[in-house]
Amino acid sequence: MTATATRKACREIIESLGMFNPAEVIGNPDRPNFYFSASTRPDRGEDKYRTILEPFVQSLKQERENFPFTVIFGNLETVSSCYNFFSHSMGNDQYTPKDALPKAENRLFTQFHAQYPLKEKERIIDGLIRGTSKLRLVFATVAFSVGLDLDFIRQVIHIGVPYKMEEYFQEARRAGRDGLPSKAHVFYNAYDISKARKQLSPIMRK
């Protein structure tokens, strides 16, 4: 069973397993509760993330525990920069409740990537799965999307463009698994879709 295999990948799977004329059950990946969109982003300057993140900062400050659970995907540099921007902008408002101790488990947002301490990653995942986490926003690399099934993600944001459509679907479709209205948005610039990114597939560039 797979959620993201292309027709070519399906043929390769069938061939590698030595299957002869197998029955295939293929579902439509479109979901009526899901909205895809994209817009441009700045490509230089110290504040290149500010225009993207400032609205999220203000919303999280106001809505706090009611902020729709959001995952913002990017590369390691993007994730680190966004996390630092949020930490500086939120100040003491990043902890909940407002009189809580300034500890990681009380923070409304976090980062998640392969280089993050294993103990912290396990704590984050365990809290989300058990429903005890106070997190409302996660800045993540592809490491967050592997093998994780949460049905309460309302929006997935990409800062930058994933290399392949399968990769994009794997990450974007983390949202809306409960059937409620959800969205995925991509912020991109000229470099993100330039031919300098040799591994970028034509369909993602388009």
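Guide: Lys and Arg count as positive here, Asp and Glu as negative. The model is predicted.

Visitor: What makes up the charge count of the chain, and how far apart are the mean positions?

Guide: The chain carries 30 positive and 24 negative charges. Their mean positions lie 3 Å apart.

Visitor: Why is Asn 189 called buried?

Guide: Buried means under 20% relative accessible area. Asn 189 has 8% relative accessibility, so Asn 189 counts as buried. Across the chain, buried residues make up 40% of the 206 residues.

Visitor: Where is Asn 189 found?

Guide: In the loop between β6 (182–188) and α6 (202–205).

Visitor: Which residues is Asn 189 in contact with, leaving aside neighbours within four places in sequence?

Guide: Arg 41, Pro 42 and Asp 43. Contact here means heavy atoms within 4.5 Å.

Visitor: How do you know what the radius of gyration says about the chain?

Guide: Set the value against the globule rule. With 206 residues, a compact globule would have a radius near 17 Å; the chain has 19 Å, which agrees. The C-alpha trace spans about 65 × 40 × 35 Å along its principal axes.

Visitor: What share of the contacts with a separation of 6 or more joins residues 24 or more positions apart?

Guide: Such residues account for 75% of those contacts.

Visitor: In what order do the elements run?

Guide: There are six helices and six strands. From the N terminus, they run α-β-α-β-α-β-α-β-β-α-β-α.

Note on methods: Residues numbered from 1 in each chain as written. Predicted model: local features only at pLDDT ≥ 70, side-chain atom pairs only at ≥ 80, totals over all residues. Heavy atoms only, no water. Helix = DSSP H or I, 4+ residues; strand = E, 2+ residues; numbered from the N terminus. Rg over C-alpha atoms; globule rule 2.2 N^0.38 Å. Buried < 20%, exposed > 50% of the residue type's maximum accessible area, 1.4 Å probe, protein only. Charge placed at Lys NZ, Arg CZ, Asp CG, Glu CD.
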